[in-house]
Amino acid sequence: MMNLQNIAERLMATGKSVSCAESCTGGLLAAEFTRLPGSSAWFHMSWVTYSNEAKQRLLGVLPHTLETHGAVSEETVREMADGALRLANADYALSISGIAGPDGGSAQKPVGTVCFGLATRQTSFARRMHFTGDRDAVRAQAVAFALQWLAQELAD
């Protein structure tokens with residue numbers, strides 16, 4: 001499995017870049033990317049769009065998407081990733097929106113539900129995961145999953 005250093009090396013070797021749009025992780029994914037020296041060669045920008053208003057205004061998430069599917073949905077994270085990709089002119093964009101807890105969950109979307117978007121210049125994908133643990137654990141697992149998903153995309 002690729003680690004962060006491998007991701008960075010692959011992006012640099014191919015001349016590709018990544019951006020991200022985060023909600024429940026509050027910038028932790030961007031912080032992980034920028035932990036590496038030289039990350040400015042492949043990581044250019046990110047957005048923390050915690051509110052629905054920010055998702056709409058900064059990333060172009062449609063009000064209808066939020067009203068119909070909610071902030072924690074595959075539809076919303078796909079639009080978040082597409083917006084980040086377009087605005088950053090990146091090759092890849094990751095997005096994360098979830099319910100980290102300790103409250104805010106529902107029967108349909110319990111605490112620990114996190115949706116992820118991954119956009120490329122060709123297409124975009126979305127996935128829903130469920131993590132356990134406290135707020136910090138859910139957020140850490142979400143960042144780890146996003147990195148793993150990007151690594152998998154880069155390896156293909």
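1. Is Phe116 buried or exposed? Phe116 is buried, with a relative accessible area of 1%, where buried means under 20% relative accessible area, exposed means over 50% and partly exposed lies in between, computed with a 1.4 Å probe on the protein chains only. Before going further, please note that this is a predicted model, in which local features need pLDDT of at least 70 and side-chain atom pairs count only at pLDDT 80 or more, whereas totals for chains, interfaces and linings use all residues. Residues are numbered from 1 along each chain as its sequence is written, and side-chain values use heavy atoms, with hydrogens and water left out.

2. The aromatic residues deserve a look, and the model holds six aromatic pairs, a pair being two rings of Phe, Tyr or Trp (for Trp, its six-membered ring) whose centres lie within 6.5 Å, with planes under 30 degrees apart called stacked, over 60 edge-to-face and the rest tilted. One of them joins Phe116 and Phe131 in an edge-to-face arrangement, with 6.2 Å from centre to centre and 85 degrees between the planes. Because Phe116 lies in strand E4 (residues 113–120) and Phe131 in the loop between strand E5 (124–130) and helix H6 (135–155), this pair ties together parts that are 15 residues apart in sequence; helices (DSSP H or I, at least four residues) and strands (E, at least two) are DSSP runs numbered from the N terminus. Phe131 is also buried, at a relative accessible area of 8%.

3. A further pair is formed by Phe145 and Trp149, which is tilted, with 6.2 Å between the centres and 40 degrees between the planes. Both residues belong to helix H6, where they are four residues apart, or about one turn of the helix, and both Phe145 and Trp149 are buried. Ring pairs link Phe116, Phe131, Phe145 and Trp149 into a cluster.

4. In soluble globular proteins, nonpolar side chains tend to be buried together.

5. Which residues are closest to the centre of the largest pocket? The largest pocket has a volume of about 240 Å³, and of the 16 residues that line this pocket, the closest to its centre are Ser23, Ala71, Val72, Gly98 and Ile99. A pocket is, on a 1 Å grid over the protein atoms alone, an open set of points where a 1.4 Å probe fits, with protein on both sides within 12 Å along at least five of seven lines, and lining residues have an atom within 4 Å of a point; grid points are joined across faces, edges and corners, and the volume is the space filled by probe spheres set on the points. The lining divides into six nonpolar, six polar and four charged residues, with Ala, Val, Leu, Ile, Met, Phe, Trp, Tyr, Cys and Pro counted as nonpolar, Asp, Glu, Lys and Arg as charged, and the others, Gly among them, as polar.

6. Two backbone features may be worth checking by eye. Most residues other than glycine have a negative phi, and most peptide bonds are trans. A cis peptide bond joins Gly101 and Pro102, with omega about 10 degrees; Pro102 is placed in the loop between E3 and E4 and is exposed, with a relative accessible area of 78%. Asn89, in the loop between helix H5 (74–88) and E3, has a positive phi near 50 degrees and counts as exposed at 54% relative accessibility.

7. Ala88 in H5 counts as buried at 9% relative accessibility, and its C-alpha atom is separated by 6.6 Å from that of Ser19, 69 residues apart along the chain. Ala81, also in H5, is buried with a relative accessible area of 0%, and Ala81 and Leu94, 13 residues apart in sequence, are 5.5 Å apart in space, C-alpha to C-alpha.
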